[in-house]
Amino acid sequence: MFNIFENTDENKFSWDSIGDVIDGRKNLGEEMPVFVYRLFQFTIKDELAKRFGNETTIQIFRNAGRLAGIEFANHMLDLDLPFNEFTAQLQKVLEDSKIGILRIEKFDAETGEAVLTIGEDLDCSGLPITGETVCNYDEGFLAGVLQVYTKKDYIVTEIDCWATGSRVCRFEAKIKS
Ligand SMILES: [Zn+2]
């Protein structure tokens with residue numbers, strides 16, 4: 001039986017899948033409004049939830065986010081930088097890409113645990129307040145970036161979100177034991 005958790009297939013996605021946007025969109029360019037991104041994401045989420053239920057949909061978003069984070073780190077970031085320079089670079093790339101404004105609230109060099117916030121988050125800032133954290137894609141994305149940089153398996157959990165009434169999204173990152 002088809003099992004979506006069984007990730008036996010190789011990823012079909014690679015950075016090249018994004019294509020040459022500059023060549024392909026000579027007049028319209030690389031940018032588009034945030035509502036287009038959200039329209040795409042939230043309608044996909046809706047359709048997945050109808051077919052597979054909420055929990056599975058959350059897992060799918062986390063897994064997709066992790067794949068995105070891994071590819072993003074490998075293609076957009078200099079992984080040889082020391083930690084402080086690496087996080088400064090990550091902040092700049094996330095801001096330049098208009099994904100959000102990253103802050104590192106806490107980092108424990110011994111345990112590898114971190115608390116990160118993202119302000120003006122692409123996925124959730126301005127959403128109606130539902131009381132639930134919704135940035136599962138971001139959880140996976142941050143875990144993927146940390147995994148590539150540290151070569152350790154990270155679990156990232158969102159503890160505050162615009163959708164829970166917070167002004168920033170706050171994420172706890174822990175190395176998987
Ligand atoms: Zn959020």
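Predicted model: local features only at pLDDT ≥ 70, side-chain atom pairs only at ≥ 80, totals over all residues.
Local features are reported where pLDDT is at least 70 and side-chain atom pairs at pLDDT 80 or more, while totals for chains, interfaces and linings use all residues. Residues are numbered from 1 along each chain as its sequence is written, and side-chain values use heavy atoms, with hydrogens and water left out.

The zinc ion is coordinated by the SG atoms of Cys124, Cys135, Cys161 and Cys169 together with an OE atom of Glu158, at 2.2 to 2.7 Å. Donors here are N, O and S atoms within 2.8 Å of the metal (3.2 Å for Na, K and Ca); water is not among the atoms, so sites may look incomplete. Along the sequence, the spacing of these donor residues reads C-x10-C-x22-E-x2-C-x7-C. Cys124 and Cys135 both lie in the loop between β2 (114-119) and α5, so this pair ties together parts that are 11 residues apart in sequence. Helices (H or I, at least four residues) and strands (E, at least two) are DSSP runs, numbered from the N terminus. Cys124 is buried, with a relative accessible area of 0%, and Cys135 is likewise buried at 0%. For accessibility, buried means under 20% relative accessible area, exposed over 50%, and partly exposed in between (1.4 Å probe, protein chains only).

Two packed helices are described by the angle between their axes and the distance between the axes. The axes of α3 (residues 54-76) and α5 come within 6 Å and cross at roughly 40°. Such axes are lines fitted to C-alpha atoms, for helices over the stretch in contact, and angles run from 0 to 180 degrees between N-to-C directions. The crossing of α3 past α5 is right-handed; a crossing is left-handed if the near helix is turned anticlockwise from the far one by less than a right angle, and right-handed if clockwise. Residues of α3 that meet α5 include Ile58, Phe61, Gly65, Gly69 and Phe72, and their partners in α5 include Tyr137, Gly140, Phe141, Gly144 and Val148. Contact means heavy atoms within 4.5 Å. By class, the contact of α3 with α5 has 12 nonpolar, seven polar and three charged residues. In this scheme Ala, Val, Leu, Ile, Met, Phe, Trp, Tyr, Cys and Pro count as nonpolar, Asp, Glu, Lys and Arg as charged, and the others, Gly among them, as polar.

Helix α5 also meets α4. Here the axes come within 13 Å and cross at roughly 145°, and α4 passes α5 in a right-handed crossing. Phe83, Phe86, Leu90 and Leu94 of α4 make this contact with Phe141, Val145 and Tyr149 of α5. The contact of α4 with α5 has seven nonpolar, no polar and no charged residues. Back in helix α3, where Thr57 is found, this residue is buried at 2% relative accessible area. Leaving aside neighbours within four places in sequence, Thr57 is in contact with Lys45, Leu48 and Ala49.

The structure holds 11 salt bridges, each defined as a side-chain nitrogen of Lys or Arg within 4 Å of a carboxyl oxygen of Asp or Glu. One of them joins Asp23 and Lys26 at 2.7 Å, N to O; Asp23 is partly exposed at 45%, whereas Lys26 is exposed at 63%. Asp46, Glu47, Lys50 and Arg51 are linked in a network of salt bridges.

Lys98 pairs with Glu31 in a salt bridge, the closest N and O atoms being 3.5 Å apart. Lys98 lies in the loop between α4 (83-96) and β1 (101-107) and Glu31 in the loop between α1 (21-24) and α2 (34-52), so this pair ties together parts that are 67 residues apart in sequence. Both residues are exposed, Lys98 at 54% and Glu31 at 56%. A further salt bridge joins Asp153 and Lys176 (3.9 Å, N to O). Asp153 lies in the loop between α5 (136-150) and β3 (154-160), and Lys176 in the segment after β4 (168-175), so the pair ties together parts that are 23 residues apart in sequence.

Finally, two backbone features deserve a mention. Lys98 has a positive phi of about 60° although it is not a glycine. Glu120, also a residue other than glycine, has a positive phi near 50°. Glu120 lies in the loop between β2 and α5 and is exposed, with a relative accessible area of 61%.
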